[in-house]
Amino acid sequence: MKPIDLGGIVIRDVMEFAGPRFRPHDLLPDSTPEAVAAHRHWMEPDLYDAARDLLWMDRRSYVIETRHHRILVDTCVGADKERTKPQWHHLNSPWMGNFRALGLAPEQVDVVFCTHLHADHVGWNTRLADGRWVPTFPNARYLFGRIEFAFWQANQPDPDGPILEDSVQPILDAGQAVLVDDRYEIEPGVYLELTAGHTPGHLCLHLQGTRHAVLTGDLMHHPIQVWEPQWSSCFCHDPAHSGRTRTAFLQRHCESDALILPTHFGRGAAGRVMPRPGGFRFDFLEPPAAPPT
Ligand SMILES: [Zn+2]
């Protein structure tokens, strides 16, 4: 993603993974092959791999620089974590190298914010040091949704692995965690919005510079869900609630100047929600890219 300057606020991303990942029906159980085929013309080649019938799904963090704070949003799968998904287990990814390539050191992050507490959004919260999980960002306060944290505390063990134990509890133990609610303000114009459904306490981050942007976490996983907002992902805790939250969000931001930045979209992720007959479409900032050969 090219850096985005909102006027007083700059957004950059840190990639952990990019590429085709899921068969449409596996990611979006309510989709049909016919309905997906109708979207191929705008998805190919870099949002849908037709030869393998796989939807692209990237995985990134965002680094936000405001006049007052450097904020890291969502921390991907991380390194060395014990996870039940084989592709996430003891992952060794270029994430930290990509973070440092922005000219940053972990000490320079002021705020870490996790949109929700799934394994692919909290991993780099901590790192392994002498066999113990310690905060990766020693000078940051970490913001976790109060509803989200309470939900996962009450629903252990997590089938994806000891996520709270290795990526959240060490932050609380270090005294760096802050539990936050809907409308929490990091600074004027930089605030959270509860967008429950994907998980019970899922939060988006609003950034108001000269221009407005919303970091939407997993409110949607693939741009086809802008066209088909009723298709919730297989990872959604409450698929019906997730669909209602997504549809309402798209209505609110349709044709507004807000840039929408989801965690997992390909093609540079950022775009605007625009109207089309009978619904919405997503206009990416960046043009379609050729897939790697
Ligand atoms: Zn995710």
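Predicted model: local features only at pLDDT ≥ 70, side-chain atom pairs only at ≥ 80, totals over all residues.

Reader: Is S15 enclosed or open to the outside, and how many of its residues are buried?

Author: Strands (E, at least two residues) and helices (H or I, at least four) are DSSP runs numbered from the N terminus. S15 has 6 residues, and it is largely enclosed by the rest of the structure because the number buried is 5.

Reader: Which residue of S16 stands opposite Leu-205?

Author: Two strands pair if DSSP finds at least two bridges between them. S15 and strand S16 (residues 212–217) run antiparallel and are joined by 4 bridges; they form a hairpin with 3 residues between them. Leu-205 also has contacts (heavy atoms within 4.5 Å) beyond four places in sequence, among them Val-73, Phe-113 and Ala-213. Its opposite residue in S16 is Leu-215.

Reader: On the S14 side, what stands opposite His-206 of S15?

Author: Strand S14 covers residues 190–194 and pairs with S15 in the antiparallel sense over 5 bridges. Opposite His-206 stands Tyr-191.

Reader: Which residue of S17 stands opposite Leu-215?

Author: Here the pairing of S16 and S17 is parallel, over 4 bridges. Strand S17 (residues 259–262) is covered on both faces, with Leu-259 and Leu-261 buried on one side and Ile-260 and Pro-262 on the other. The residue opposite Leu-215 is Leu-261.

Reader: What is the volume of the largest cavity?

Author: On a 1 Å grid over the protein atoms alone, a cavity is a set of points where a 1.4 Å probe fits but cannot get out, and lining residues have an atom within 4 Å of a point. Grid points are joined across faces, edges and corners, and a volume is the space filled by probe spheres set on the points. There is 1 cavity of 30 Å³ or more, and its lining includes Arg-60, Asp-74, Leu-215 and Leu-261. The volume is about 40 Å³.

Reader: How many residues lining the largest pocket are charged?

Author: A pocket is an open set of grid points with protein on both sides within 12 Å along at least five of seven lines. The largest one holds about 280 Å³ and is lined by 19 residues, with Lys-85, Trp-88, His-118, Asp-160 and Phe-235 nearest its centre. Ala, Val, Leu, Ile, Met, Phe, Trp, Tyr, Cys and Pro count as nonpolar, Asp, Glu, Lys and Arg as charged, and the others, Gly among them, as polar. The lining has 7 nonpolar and 4 polar residues, and the charged ones number 8.

Reader: Which residue just after H7 takes a positive phi?

Author: Helix H7 spans residues 163–173, and its buried residues include Ile-163, Leu-164, Val-168 and Ile-171. Among the elements covering them are helix H6 (146–154) and strand S11 (141–145). Just after this helix, a positive phi of about 75 degrees belongs to Gly-175.

Reader: Is Ala-37 buried, partly exposed or exposed?

Author: Ala-37 is found in helix H2, residues 33–37. Its C-alpha atom is 9.4 Å from that of Ala-50, 13 residues apart along the chain. Since its relative accessibility is 43%, Ala-37 counts as partly exposed.

Methods: Residues numbered from 1 in each chain as written. Heavy atoms only, no water. Buried < 20%, exposed > 50% of the residue type's maximum accessible area, 1.4 Å probe, protein only.
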